[in-house]
Amino acid sequence: MIVDAFYARLSMVGYNAFPHVIPQEFDAPAITYRVDQDNAPTEYDGTRTLKEALVTVDCWSTSYLEAQQMADAVESSFVDYSGDLGGLSPAVSANYIRKERRFDLLEQATGLYRVSLQLFIAYTRG
Amino acid sequence: MASELKGVAELSAKLRKLGPAIGGKALRSAAFKATTPALQAARAAAPAGRDEYSGEYSDGPGKPRRVRTVRPYPGKTYKGRLKMPGYASRNLRRVSYFSPDRTAVSVHLGVRREAFYALSFVEFGTSRTPPRPWLEPTWRALQSTTLARLAEMLRREVEKAAR
């Protein structure tokens, strides 16, 4: 599981971060995240320790500019970054991080802007 | 995507030799045929409502909950068209775009505007409801199949056009 390490990393960005949804008692600005995929390819000729995960981070704000700035902050926290992902034990070490996509949407019912980032992370644990 | 396939460069060169009119048409035809399994799988995976929902519902805040059967359909789209269960699935479409010189084509798979909720609300979720991705996992699962089919279809189209 990469989710705990990723949470630890996101909380360093400086906004409230929650899995999947913003709880009712919290308001934007906030970050939600989810793991879309987390697996190790099945190989029978040897144990592979490198795992691959797809993680989506959504930055929510009532201001479009702030939502973009939050996404920029998340992105820049991963620029030139490799190694221990969240300061956890056993350590989660990111070997490779790539941005898969970035887009923005307006949620009309709540008036919240969302900037969605999807990151591909290859990592090892332990 | 095409660059990940072996032999695609050679096939593309052959297509270019056929000229933009024939080559472009063959390219688009191959791309459409290659994405057919992905379209079918996406149709099967698309979120669909039910005709009836049974459960405990309340008429409003403070009012007692009671077991009822609710028939939410037919609903309406934002344009006022009737919307029955499976509307998103029926409105899945592929759209192709040519590059200006007609030597490259991209095929987009998605829902029509009136079924936007299947992507905006279900696939990506909202701030208060968790996402239930259906299109992207389907595409990822079929990516290698699609690539293999693209190579095969390109080969067939080149042979057909060269005849």
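In the predicted model, Phe18(A) is buried, at a relative accessible area of 11%.

A second aromatic pair joins Tyr96(A) and Phe120(A). Here the centres are 6.1 Å apart and the planes stand at 65°, an edge-to-face arrangement. Tyr96(A) belongs to strand S5 (residues 92-107) of chain A, and Phe120(A) to strand S6 (residues 112-125) of chain A, so the pair ties together parts 24 residues apart in sequence. Tyr96(A) is partly exposed, at 39% relative accessibility. Phe120(A) is buried, at 14%. The face of Phe120(A) also carries Arg98(A), at 4.4 Å from the ring centre.

Over all chains, the structure holds 7 aromatic pairs. In chain B, ring pairs link Tyr78(B), Phe116(B), Tyr117(B) and Phe121(B) into a cluster. Tyr117(B) has a charged neighbour as well: the charged end of Lys83(B) sits over its ring, 4.9 Å from the centre.

Asp58(A) lies in strand S3 (residues 51-61) of chain A. Its relative accessibility is 3%, so Asp58(A) counts as buried. The side chain of Asp58(A) makes a polar contact with the side chain of Ser116(A), at 2.7 Å. Beyond its neighbours within four places in sequence, Asp58(A) is in contact with residues including Ala30(A), Thr32(A), Arg34(A) and Arg114(A). Phe124(B) is also among the contacts of Asp58(A).

Key. Residues numbered from 1 in each chain as written. Chains lettered and ligands numbered in written order. Predicted model: local features only at pLDDT ≥ 70, side-chain atom pairs only at ≥ 80, totals over all residues. Heavy atoms only, no water. Helix = DSSP H or I, 4+ residues; strand = E, 2+ residues; numbered from the N terminus. Buried < 20%, exposed > 50% of the residue type's maximum accessible area, 1.4 Å probe, protein only. Polar contact = N/O pair within 3.5 Å; in protein donor to acceptor, adjacent residues only side chain to side chain. Contact = heavy atoms within 4.5 Å. Phe/Tyr/Trp six-rings, centres within 6.5 Å; stacked < 30°, edge-to-face > 60°. Lys NZ or Arg CZ within 6 Å of the ring centre and 35° of its normal.
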